[in-house]
Amino acid sequence: MRSDVSMGAWKRVRRRLLKSLVKRYAAVVLREPLWDGRGVVSPSGRYGPGCGPVMPFVLLGDSSAVTVGVLERQDTVGAQLAGMLALRLECAVELDVLARAGATTAALGRQVRSVTGRGTPGVAFILIGGNDVMLPAPVSRSAARLEHYVRELRGAGWEVVVGSCADIGAAPALRRGVAAVASVRSRRLARLQSAAVLAAGGRVALLETDAFRRRPAQLYCPDGFHPSPEGYRVYLRLASSAVAGAGEDWLRRSPVEQRGGMPAAGARKSTPREAGVPAKAPAPAQIRLRTRTLRGAPRPSGAEREPV
């Protein structure tokens with residue numbers, strides 16, 4: 001009993017210390033505090049017709065998938081993508097947003113396990129990487145973890161689309177020196193993510209664009225870090241084709257497969273064209289050299305579990 005109390009007290013002290021460290025770190029890299037995501041309305045629910053097949057659609061990842069920076073439900077990433085899928089595929093779409101603001105790739109495991117435990121597979125869209133860029137940890141480790149989680153989802157029969165890491169360094173909220181480093185790390189992580197996702201049989205939506213540098217006042221919300229509604233629409237235009245392609249693949253399955261009665265081809269490799277990546281995507285041999293498949297989800301360090 002006494003040991004349980006001691007352990008509980010130590011965990012509370014550890015959490016307070018980590019929060020204090022994160023706040024101090026944030027003060028060094030940011031010009032001002034960021035929006036914590038409160039006030040964003042959840043778009044989860046049914047979209048499209050009331051009859052016919054229902055496609056499960058989940059959003060996993062960080063504040064980008066939550067759509068921190070907007071206040072209206074119709075402006076959220078989830079609502080816009082689910083509405084697009086329902087209209088294009090002419091079927092009902094059941095949206096569930098499991099993403100959490102501040103999540104890193106290390107914290108993605110809990111979200112993925114919640115999805116793979118479901119009986120009916122569908123389409124999963126993942127937006128992750130911004131917090132990995134901002135933390136002092138190797139981005140190659142983040143890409144390796146992402147490959148592991150995409151393999152888990154594919155093995156459970158899910159179609160998977162990953163939006164590659166955007167240029168975090170373009171955000172006006174970052175201090176100048178930090179912004180330069182963040183841009184370099186963002187581009188490197190995006191390349192590693194693309195290779196890892198393709199190796200795991202998923203699709204990639206490349207979110208690289210210079211629009212945010214050209215129009216920061218319009219494309220960022222008032223905190224200068226998270227996108228505005230117009231900024232999210234820029235990313236959605238880049239991602240919608242890959243998400244729609246995943247939905248079409250799901251729709252082509254037999255009714256038994258759609259209900260999860262038969263395993264999908266989890267090891268299917270997406271071609272560069274299918275994945276939405278340039279024709280010069282890394283060859284499989286290069287992918288194996290640049291990424292590594294994890295045997296089990298690595299245990300994140302204290303710094304990687306905490307949001308920026």
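Contact here means heavy atoms within 4.5 Å. I wrote that down before opening the model, which is a predicted one: local features need pLDDT of at least 70, side-chain atom pairs count only at pLDDT 80 or more, and totals for chains, interfaces and linings use all residues. Residues are numbered from 1 along each chain as its sequence is written, and side-chain values use heavy atoms, with hydrogens and water left out.

**Overview.** I looked up the secondary structure and got 14 helices and 6 strands. Both are DSSP runs numbered from the N terminus, helices being H or I with at least four residues and strands E with at least two. Buried residues (under 20% relative accessible area; exposed is over 50%, partly exposed in between; 1.4 Å probe, protein chains only) make up 50% of the 308 residues in the chain. Of the contacts with a separation of 6 or more, 84% come from residues 24 or more positions apart.

**The sheet.** I traced an open sheet of 6 strands with mixed pairing, in the order β1-β3-β2-β4-β5-β6. Two strands pair if DSSP finds at least two bridges between them. β1 (45-47) and β6 (203-205) are at the edges with a single partner strand each, so one side of each has no neighbour in the sheet. From one strand to the next, the twist averages 25 degrees. I then checked β2 (residues 54-61) against β4 (residues 123-127): they run parallel and are joined by 5 bridges. Leu59 stands opposite Phe125 in β4.

**Helices on the sheet.** For angles, I note that axes are lines fitted to C-alpha atoms, for helices over the stretch in contact, and that angles run from 0 to 180 degrees between N-to-C directions. Helix α6 (residues 139-155) lies across β2, β4 and β5 (159-163), at about 155 degrees to β5. Helix α7 (residues 176-199) lies across β5 and β6, running at about 155 degrees to β6.

**α4 against α6.** I looked at helix α4 (residues 108-116) next: its axis and that of α6 come within 10 Å and cross at roughly 5 degrees. The contact is made by Leu108, Gly109, Val112, Val115 and Thr116 of α4 with Leu146, Tyr149, Glu152 and Leu153 of α6.

**Arg154.** I followed its side chain to the backbone oxygen of Trp158, which Arg154 reaches at 2.9 Å.

Conventions:
A polar contact is a pair of N or O atoms within 3.5 Å; within protein, one must be able to donate a hydrogen and the other to accept it, and residues adjacent in sequence count only if both atoms are side-chain atoms.
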